[in-house]
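Here are my notes on the model, point by point. Have it open while you read, and check the side chains as they come up.

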Amino acid sequence: MTRKQRRLVLIGSGVGVLALAAGLVLGALKDSIVFFNSPSDVVEKHVRPGDRIRLGGLVKPGSLVRGDNLAFRFAVSDGRRDIAVAYQGLLPDLFREGQGIVAEGALDAAGVFKADTVLAKHDENYMPKEVADALKKQGLWKDADGRKASVAPEGQVR
């Protein structure tokens, strides 16, 4: 084998090993790459009880119940579906009804999301495009000046 052939075999082997490593990493992370799942995503994906996920959406107005020992129950909604959330601990200062949140935890057997971390989002400007578009289509999105967005018949937001 000539020197040039050995070099090509070495480069080819290196590229193959890197491709295999990248494939293994992407395969292991395929469900974890999502920043969070909306309540509709959780129902549609049939998330199993005990699987850790991030749940994101708006805190449903009127759903917040304060219990003893910093226990809270509330519902997270994306406008189509709601998921009940139970959390024990201090809530962020920005947490309130109607506010966007991301909660980390797992569903229990009864379908209640047991959160161990709750993050309140600063405002809707940081909401992913898909969630914002869904809220606009349902008429729940408010512009910066407080007016509700209207939707054209073709589904385009005006």
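1. Let's start with a charged pair. Arginine 48 and aspartate 51 join their side chains in a salt bridge, at 3.4 Å from N to O. Keep in mind throughout that this is a predicted model. How exposed are the two partners? Arginine 48 is exposed, at a relative accessible area of 57%, while aspartate 51 comes out as partly exposed, at 27%. The general idea is simple enough: side chains of opposite charge can pair when their charged atoms come close.

2. That bridge is one of 6 salt bridges in the structure. Another one brings together the side chains of arginine 54 and glutamate 104, with 3.6 Å from N to O. Here the pair links distant parts of the chain, since arginine 54 belongs to strand E1 and glutamate 104 to strand E5, 50 residues apart. Arginine 54 is partly exposed, with a relative accessible area of 37%.

3. Also among the salt bridges is the one between aspartate 82 and lysine 60, at 2.6 Å from N to O. This pair, too, links distant parts of the chain: aspartate 82 is in strand E4, lysine 60 is in the loop between E1 and strand E2 (65-66), and 22 residues separate them. Are these two residues buried, exposed or partly exposed? Aspartate 82 is partly exposed, with 37% relative accessible area. Lysine 60 counts as partly exposed as well, at 36%.

4. Now a step back to the overall layout. The protein has 3 helices and 6 strands. Along the sequence they run in the pattern α-α-β-β-β-β-β-β-α. Of the 158 residues in the protein, 31% are buried.

5. How many aromatic pairs are there? The structure has 1. The rings of phenylalanine 74 and phenylalanine 95 have centres 5.0 Å apart and planes at 65°, so the pair counts as edge-to-face. The cut-off that matters here is an angle over 60 degrees. The pair links distant parts of the chain, 21 residues apart: phenylalanine 74 is in strand E3 (residues 71-77), and phenylalanine 95 is in the loop between strand E4 (82-88) and strand E5 (100-107).

6. Isoleucine 53 sits in strand E1 (residues 52-59) and is buried, with a relative accessible area of 14%. Its C-alpha atom is 9.5 Å from that of alanine 115, although isoleucine 53 and alanine 115 are 62 residues apart along the chain. Valine 42 is in helix H2 and is buried too, with 5% relative accessibility.

7. For backbone checks, I'd go to two loop residues. Most residues other than glycine have a negative phi. Histidine 46 has a phi near 55°, a positive value in a residue other than glycine. Histidine 46 lies in the loop between helix H2 (39-45) and E1, and counts as exposed at 65% relative accessibility. The second one is leucine 70, which is not a glycine either but has a positive phi of about 60°. Leucine 70 is in the loop between E2 and E3, and at 43% relative accessibility it counts as partly exposed.

8. Last, the surface charge. Which residues gather in a patch of positive charge? They are Arg3, Lys4, Arg6 and Arg7, and the patch is on the surface. Lysine 4 is located in helix H1 (residues 3-28). With a relative accessibility of 59%, lysine 4 counts as exposed.

Technical notes: Residues are numbered from 1 along each chain as its sequence is written. This is a predicted model: local features need pLDDT of at least 70, side-chain atom pairs count only at pLDDT 80 or more; totals for chains, interfaces and linings use all residues. Side-chain values use heavy atoms; hydrogens and water are left out. Rings of Phe, Tyr and Trp (its six-membered ring) pair if their centres lie within 6.5 Å; planes under 30 degrees apart count as stacked, over 60 as edge-to-face and the rest as tilted. Helices (H or I, at least four residues) and strands (E, at least two) are DSSP runs, numbered from the N terminus. Patches are made of residues with over 30% relative accessible area and no salt bridge: like charges are joined within 9 Å, nonpolar side chains (Val, Leu, Ile, Met, Phe, Trp, Tyr) within 5 Å. Accessible areas come from the Shrake-Rupley method with a 1.4 Å probe; for residues, only the protein chains shown count as cover. A salt bridge is a side-chain nitrogen of Lys or Arg within 4 Å of a carboxyl oxygen of Asp or Glu. Lys and Arg count as positive and Asp and Glu as negative; His and the chain ends are not counted. The place of a charge is taken as NZ of Lys, CZ of Arg, CG of Asp or CD of Glu. Buried means under 20% relative accessible area, exposed over 50%, partly exposed in between (1.4 Å probe, protein chains only).
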